[in-house]
Structures are given as structure tokens and as C-alpha cells.
Amino acid sequence: MTIRFCALAAFVMAAVVALLGVFDPVMAAMGHSAPGQMIMQDAATPIAEEIHSFYDFVNIIIIAIAVFVALLMLYVMFRFRESANPVPSVTTHNTLLEVAWTVIPIFILVAIAIPSFKLLHNQYSYPKADLTIKATGNAWFWSHAYPDQGIEEFVSTMLDDATTAQLRAEGKDAPRLLAVDNEVVVPLNKVVHVLITSNDVIHNWTIPAFGSKVDAVPGRVTATWFKATKEGVFYGQCSELCGLNHAFMPIAVRVVKDDVFAQWVEAKKSGDDAKVKAVIGAAEQDLKSRKVADASAAR
Ligand SMILES: [Cu+2]
């Protein structure tokens with residue numbers, strides 16, 4: 001009987017894994033969620049990758065426990081139904097069982113705690129910064145500054161529907177409610193520290209693909225760090241219910257090569273918006289052509 005149950009449990013778990021696999025293609029959009037997406041966005045930093053593996057690990061345990069309990073209940077309901085078992089047992093204690101149902105959950109919790117504490121430690125042990133950005137939450141937009149590069153605070157405002165629709169018509173990736181006018185730009189494979197604060201109420205600076213999510217608290221400085229290992233634009237939204245336009249204060253971080261970042265810093269410092277646009281436009285074009293080349297090479 002037990003062997004049959006194990007086989008059934010294995011079958012159910014395999015079905016769940018296969019089902020998640022089927023949905024894989026719609027998870028392919030990078031930097032933001034895609035229509036029909038089932039689970040998390042693709043990871044773009046080592047910390048996000050670690051979060052995803054921890055998530056998968058805990059999910060396997062959850063599914064296994066849920067399947068085990070469901071099957072056990074079905075077995076008990078069937079095996080000990082009144083017609084098959086007219087005289088109920090009067091057993092009230094079973095030492096072995098009681099020890100088992102105390103000790104096994106302890107082992108499960110310890111197995112979850114070890115990778116969980118490791119992940120927390122990695123999230124909060126800040127490697128030496130290559131770049132430090134200041135992010136400030138405002139009702140209802142984000143502003144960013146690069147103190148070490150001499151870039152004064154600039155405001156990132158969400159693009160309206162007409163503008164994003166027009167950009168998409170031009171073949172650009174401008175997701176609705178996420179694209180902004182002034183993106184944060186960071187270099188690829190560099191450790192970036194983000195110092196976060198707020199001008200009014202509590203906001204939250206979040207980029208899901210980076211595994212970054214930190215409250216912006218007025219009068220306090222909180223921090224996060226990331227090391228983006230993929231080029232492209234990564235989006236996030238304020239993730240602390242902050243008021244009327246909470247849903248309309250997205251964050252966009254563009255990850256570029258070192259030389260592009262240096263050009264962007266120069267253009268941004270000089271306040272030359274046309275040059276900033278030209279640098280970003282060229283980087284976008286370059287990334288697109290490399291992606292096309294990679295796709296055709298893979299074919
Ligand atoms: Cu907010």
C-alpha cells in the first residue's frame with residue numbers, strides 16, 4: 001500500500017513540475033512580467049538566482065507535504081470507514097508515531113532554515129561598492145542621484161499610455177505602467193549600492209529581477225545592493241501601499257556596458273538631454289543587434 005502511495009505522490013509531483021515546464025516560454029520576457037506568466041521573472045543578479053533556488057526548494061517541500069497529507073487523509077477515510085471497520089480502535093498513544101511527528105517536522109524546518117539564513121546573510125553582507133546611487137521616494141514618483149559621479153538628483157516619471165503605445169509601435173520595449181522618462185543607468189557586472197530614503201510617506205524600492213526590495217522610510221536611510229549580470233532594462237514598482245498614485249511610480253534600471261555607462265555619466269552631468277538620449281538609443285540598438293545575431297547563431 002505504502003509503495004503505491006509513494007508512486008502516486010511521485011506522479012503528482014512530476015505532473016506539477018511538467019506543468020510548470022510547459023509554461024516556461026511565457027516567462028521569457030526579461031525585466032518585467034509577461035502576459036500569462038506563472039512564476040517569477042528571470043533572475044538578473046546572483047542574489048535573485050539564489051532567491052529562486054530557495055523558492056523552488058521550499059516549493060518542493062510544500063508540495064510533498066500537501067500531497068502526503070492529502071493521500072493520508074484519503075487512506076484513513078477509506079480504510080477506517082464505518083462499513084469496513086465497525087469497531088473503532090481505542091488506542092490513544094503511540095510513542096514511536098508521536099516522536100516521529102515531532103522530530104520529522106524539526107528536521108524539515110532545519111533543512112529550510114539553513115539555506116534561508118545563508119540567503120539572508122548574502123543579501124545583507126554588502127560587497128565593496130563600484131557605484132553608489134541614492135534613491136528617494138516621493139508622492140508619487142522616484143528620484144535618483146549619483147553623488148560620487150556628480151549627477152544631481154533627477155526625477156523618473158511614468159510614461160503615459162499614449163507614449164508607451166507609440167514607443168511600442170516603433171518597436172521599442174516600453175511596458176505600460178512601467179516605462180519611465182529618466183531611467184537609472186548602471187554598469188554590467190558591477191556592485192551597485194542603493195541608498196534609499198523618502199521625502200514623505202513610506203515607499204518601497206523594488207526590482208524583482210534583481211531580488212531587491214527595500215522600504216524607503218522618511219528620515220532614515222535604508223540600503224540594498226545588486227550586481228546585474230544581464231544587459232537590458234529591468235522594471236519595478238513601489239511596493240509599499242503609499243497612497244493615491246502608489247500604482248504609478250515605477251522604477252526602471254538600465255544595465256549597460258562600462259563604456260556606455262561612462263558616456264551616459266558625461267552626458268547626464270552636462271545636462272545634455274539630447275546626448276543622454278543618443279547614448280541610450282545607441283546602446284539599445286547595439287544590444288538588439290547582438291541579440292538578433294545570437295538568436296540566428298543559435299538556430
Ligand atoms: Cu510609493
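Begin by selecting Ser143, whose bridge partner in β3 is Val155; strands here are DSSP runs of E with at least two residues, numbered from the N terminus. This is a predicted model, in which local features need pLDDT of at least 70 and side-chain atom pairs count only at pLDDT 80 or more, whereas totals for chains, interfaces and linings use all residues. Residues are numbered from 1 along each chain as its sequence is written.

Next, select residues 141-146, strand β2, which is joined to β3 by four bridges and runs antiparallel to it; two strands pair if DSSP finds at least two bridges between them. Widening the selection shows an open sheet of five strands with mixed pairing, in the order β3-β2-β1-β5-β8. At its edges stand β3 (151-156) and β8 (222-227), each with a single partner strand, so one side of each is left without a neighbour in the sheet.

Now select Phe210, Phe234, Ala252, Val253 and Trp264, the residues with the most contacts inside the largest nonpolar core, which has 46 residues. Such a core is a set of buried Ala, Val, Leu, Ile, Met, Phe, Trp, Tyr and Cys residues joined through C-beta atoms within 7 Å, where buried means that 20 or more other C-beta atoms lie within 10 Å of a residue's own, C-beta atoms being placed from the backbone. Strand β10 (residues 250-256) gives the most to this core, with five residues. Domain 1 (2-82) and domain 2 (131-298) both contribute residues, so the core lies between them; the domain bounds come from an automatic or database domain assignment.

How values were computed: A residue is buried if 20 or more other C-beta atoms lie within 10 Å of its own, exposed if 12 or fewer, and partly exposed in between; C-beta atoms are placed from the backbone.
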